[in-house]
Amino acid sequence: MTESPSESLSDSPFNRNIDDKKNDIVPEIPIEIVSEEEMALLEAALVSARASFSAIPAIRCSTFSFRSNVRSIKSITALSKRRLSGCSEPDIEDSGSLKSAQKKTRMADSFLHRFRKKGLSVTDITATEWCEKQMEFVLLVGKRKVSKAMKKGSARHAKLEEEVVKKVKVRIKSIEDRWALKLLNFITGVNQLLSEGLTRELPLIGFAEGVWMVGVIDEIRMPVTETIRNPLLVDTKTRVKDTLPAEPQRRNGRLQLMCYKYMWDDLVADKFPSNKFFDFFSLNPHHILSDEIREMTANSGFPAETLDDVVRYYRNTCSMLSPAHDQLLLRYELQKDNSLLGEDEFAYDSDWVKNQIQGCLEFWLGEREASYTPEEERWKCGFCQYSSVCPAKNGNHNDPPS
């Protein structure tokens with residue numbers, strides 16, 4: 001995994017001439033519909049750290065016409081009429097066994113069960129990789145303070161999203177409405193990707209390594225070449241100083257993008273367990289969506305009456321896609337002027353990312369205590385608000401056995 005400036009990526013699948021695209025006929029910006037309660041949070045989002053995916057339901061209503069050589073939203077409507085086979089459920093362990101009882105006790109007391117009942121975010125995974133002990137403090141003591149740099153980073157991401165998506169209000173009346181909006185936002189974002197070759201802030205919902213995970217991909221591009229149809233995943237990081245980050249920071253960013261590819265590829269392979277989704281989040285698949293949401297879906301070309309309809313569209317939208325490209329891209333920008341500092345293009349490592357996720361889940365599922373950051377990375381403690389109360393500062397700790 002090497003770091004390379006943008007000038008050296010001439011043979012890269014990411015070598016997309018964005019400036020040339022700006023000279024093309026730009027379709028009307030698609031509209032993202034958000035709830036009234038969320039509208040009040042949008043301004044705050046520009047001056048705070050990026051909110052977790054579960055807090056912001058959204059739907060994007062595309063207003064542009066699709067090209068004839070790409071699959072349109074109507075294709076999704078046709079595909080959704082196919083009958084979907086039920087998802088097979090694993091056998092339940094013997095509830096009378098001691099092992100099962102102990103596992104259930106750990107699950108009930110775990111951080112995942114106590115603090116992430118709506119799913120684990122990719123940000124949770126990367127924060128845990130950064131420092132498990134810090135993540136423990138965040139959960140038990142309180143959220144990290146939002147720094148000036150974090151606020152500027154959030155504002156930059158919001159500005160990039162506004163270039164391709166417009167937010168407007170819509171009422172939601174139930175939890176089913178909220179989840180429908182999240183899924184519809186993905187559907188419309190995918191259609192924007194297929195028609196324009198670019199979309200941003202695309203939400204993902206998937207089932208990975210036995211847990212529900214959510215995330216928001218910064219940017220997805222379609223390759224310029226017609227022979228390659230694997231979407232390119234991109235993440236943009238902002239920097240206060242005009243230097244590239246240290247290796248632990250780059251590693252953390254790579255983990256984030258690899259998690260997105262892992263989730264994306266699972267969805268494309270139709271590994272979204274609908275029944276588990278409804279059960280885990282206590283959703284009624286036959287719940288009639290609000291009038292406003294049903295009207296919006298009808299106007300967008302994929303009429304949906306119930307949450308089950310939307311889930312069917314979601315799964316069939318995923319079935320239209322190809323796995324994400326094996327090459328992933330991290331971009332680093334200088335905060336003061338948004339200039340490009342450098343790019344880190346690297347290859348996807350499926351074994352590594354699975355091991356990282358599984359290791360993080362050991363902490364979240366209560367299978368072991370939190371580990372401290374390695375000795376060679378203890379410089380992180382100088383930026384941690386919990387360092388004054390953390391045993392690592394005085395060396396009064398023992399890492400749990402690996």
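Where in the chain is Asp270 found? The legends below take up this residue and several other sites.

This is a predicted model in which local features need pLDDT of at least 70 and side-chain atom pairs count only at pLDDT 80 or more, while totals for chains, interfaces and linings use all residues. Residues are numbered from 1 along each chain as its sequence is written, and side-chain values use heavy atoms, with hydrogens and water left out.

View 1. Asp270 is found in the loop between helix 10 (247–268) and helix 11 (274–280), where helices (H or I, at least four residues) and strands (E, at least two) are DSSP runs numbered from the N terminus. Although Asp270 is not a glycine, it has a positive phi of about 60°, and with a relative accessible area of 37% it is partly exposed; buried means under 20% relative accessible area, exposed over 50%, and partly exposed in between (1.4 Å probe, protein chains only). Glu209 lies in the loop between strand 5 (198–208) and strand 6 (211–221), and its phi, near 50°, is likewise a positive value in a residue other than glycine. Glu209 counts as partly exposed, at 31% relative accessibility.

**View 2. The chain as a whole.** The chain has 14 helices and nine strands, and buried residues make up 50% of its 402 residues. Of the contacts in the chain with a separation of 6 or more, 76% are accounted for by residues 24 or more positions apart, a contact being heavy atoms within 4.5 Å.

**View 3. Helix 6 against helix 14.** The axes of helix 6 (residues 122–130) and helix 14 (residues 350–364) come within 10 Å and cross at roughly 85°, which makes helix 6 roughly perpendicular to helix 14. Axes are lines fitted to C-alpha atoms, for helices over the stretch in contact, and angles run from 0 to 180 degrees between N-to-C directions; those under 35 degrees count as roughly parallel, over 145 as roughly antiparallel, 65 to 115 as roughly perpendicular and the rest as oblique. On the helix 6 side the contact is made by Asp124, Ile125, Thr128 and Glu129, and on the helix 14 side by Gln356, Cys360, Phe363 and Trp364. By class, these are four nonpolar, two polar and two charged residues, where Ala, Val, Leu, Ile, Met, Phe, Trp, Tyr, Cys and Pro count as nonpolar, Asp, Glu, Lys and Arg as charged, and the others, Gly among them, as polar.

**View 4. Helix 7 and its surroundings.** Helix 6 and helix 7 pack with their axes 5 Å apart at an angle of about 125°, and helix 6 is therefore oblique to helix 7. Here Asp124, Ala127, Thr128 and Trp130 in helix 6 meet Glu132, Gln134 and Met135 in helix 7. Eight of the nine residues of helix 7 are buried, so this helix is largely enclosed by the rest of the structure; its buried residues pack against helix 5 (111–115), helix 6 and helix 14. One of the residues of helix 7 (residues 132–140) is Phe137, which counts as buried at 13% relative accessibility. Not counting residues up to four places away in sequence, Phe137 touches Gly142, Tyr386, Val389 and Cys390. The C-alpha atoms of Phe137 and Val389 are separated by 9.5 Å, although these residues are 252 residues apart along the chain.

**View 5. Aromatic pairs.** A search of the whole structure finds 20 aromatic pairs, for which rings of Phe, Tyr and Trp (its six-membered ring) must have centres within 6.5 Å, with planes under 30 degrees apart counted as stacked, over 60 as edge-to-face and the rest as tilted. The rings of Phe277 and Phe278 have their centres 5.6 Å apart and their planes at 55°, so this pair is tilted. Phe277 is buried, with a relative accessible area of 0%, and Phe278 counts as buried at 5% relative accessibility. Phe302 and Tyr313 form an edge-to-face pair, 5.6 Å centre to centre with 75° between the planes, and both residues are buried.

**View 6. Lysines over tryptophan rings.** Lys182 lies over the face of Trp179, at 5.4 Å from the ring centre, and Lys380 lies over the face of Trp130, at 4.1 Å from the ring centre. A charge sits over a ring if NZ of Lys or CZ of Arg is within 6 Å of the ring centre and within 35 degrees of the ring normal.
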